[in-house]
Amino acid sequence: MSKPLALKLAPTSLNDVLGQDHLIGKGKILTNLVKNKKLFSMILYGPPGIGKTSIANALVHDLDVRYRMLNATVNTKKDLDIVIEEAKMYGEIVLIMDEIHRLNKDKQDILLPCLESGLITLIGMTTSNPYHSINPAIRSRCQLFELHELDSSAILKGLKKAIKSPELDGIKIDDKSIKLIAKLSGNDLRYAYNLLEIAYYSTDDKKVTEEVIKSINSKPVFFSDKNGDGHYDVLSGLQKSIRGSDVDASLHYLARLVTEGDLESIYRRLSVIAYEDIGLANPAIGPRLDAAINAAERTGLPEARIPLGTIVTEMALSPKSNTAHIAFDEALSDIENGSTGNLPNHLKNTPDSGYKYPHDYPGAFVKQQYLPDKIKNKKYYHPKDIGYEKNIKEIYERLEKLKK
């Protein structure tokens, strides 16, 4: 079988790489490395289809160096041994390794001394965040370069170049259809090339129309990666948008997660937000969220989007307070750091301890010490003057006056 169009159009020089203007171009770091004929170990990371493999290939071709390509998931320890032997034979070699975050410990132990000695120069590629997913020993020996998503102009430039290639001889396509492919690609150039190629071969007259494209795929793709960092980035975007009271962004990230179909992650994250970010400013949000989750569970998708969209809108527009969980985290910190002390004797479960039963006193309040002597004046909770917490603050301040 012939190679996919995306591979046939892969650039062999940095000059042909689309996007990544922060790394490539006059005076930029990767271009200067080529200019100075010097290469260092590096890790290229970012979403799929934005040029990681293209840049790796372009670097080794521009520098005209000996290189080998491996995949940390597929290739074995023996494959790595062969590359190392070749490096010893020629003095050095560049190893391009895809899925570098999946490199197991055995392979890491073999690779590390080779990186340390300069026998191997590594160009690792990953869609995962290297600060979380890559062994620190590997990471410390590499420069990390984040690649940015391609914008629509870069995708359109790549598509217009593709339709002029001999691989798509005789293709007939108008600007609206090209823009539709770019829109559906979700800024993934590889996906755009693949969609264009399938559309070309799915017709009998080589005429690619909007109808042909929509018959193949009518939904835009986006990088979420349910089992990887992209998925958690979207969940993070949802929480930070609700916390920041941006209802439009909140609904956008909810829509991405609903499209992915992972309702369990949505339920868990919204439950955290209800108590971490909204908290005492609107304590009714917890039960209301539970009701929305129950409704979503009963209806299932696609109807589950209705109660979820409603509750997320309410959460985004709700007053926010993190005082309760911040107070409790501080209490936990004291326990972990040994700032505790013994319970006052009158709180211990012993007869005739001297404990005063608050319900026997007016207003169910009696002045007595509850915290251990060591931290008896400690204040964890600092109320905010917002939402329902205004009422709690008034009660808190009245009790504090009574204590004094």
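1. K37 is exposed (over 50% relative accessible area, with buried under 20% and partly exposed in between; 1.4 Å probe, protein chains only), at a relative accessible area of 70%. K37 sits in the loop between α2 (29–35) and β1 (42–45) and has a positive phi of about 55° without being a glycine. Helices (H or I, at least four residues) and strands (E, at least two) are DSSP runs, numbered from the N terminus.

2. This is a predicted model, in which local features need pLDDT of at least 70, side-chain atom pairs count only at pLDDT 80 or more, and totals for chains, interfaces and linings use all residues. Residues are numbered from 1 along each chain as its sequence is written, and side-chain values use heavy atoms, leaving out hydrogens and water.

3. D64, in the loop between α3 (52–63) and β2, is not a glycine either, yet its phi is positive at about 55°. D64 counts as exposed, at 70% relative accessibility.

4. In helix α4 (residues 77–90), L80, V83, I84, E86 and A87 are buried. Seen down the axis of α4, the buried residues fall within an arc of 160° (taken from the directions from the helix axis to the C-beta atoms), so they line one face of the helix. They pack against β2 (67–71), β3 (93–98), α5 (105–117) and β4 (120–126), contact meaning heavy atoms within 4.5 Å. K78, K88 and M89, on the other side of α4, are exposed.

5. Just after α4, G91 takes a positive phi of about 95°.

6. The peptide bond joining L301 and P302 is cis, with omega about 10°. P302 lies in the loop between α15 (285–299) and α16 (305–317).
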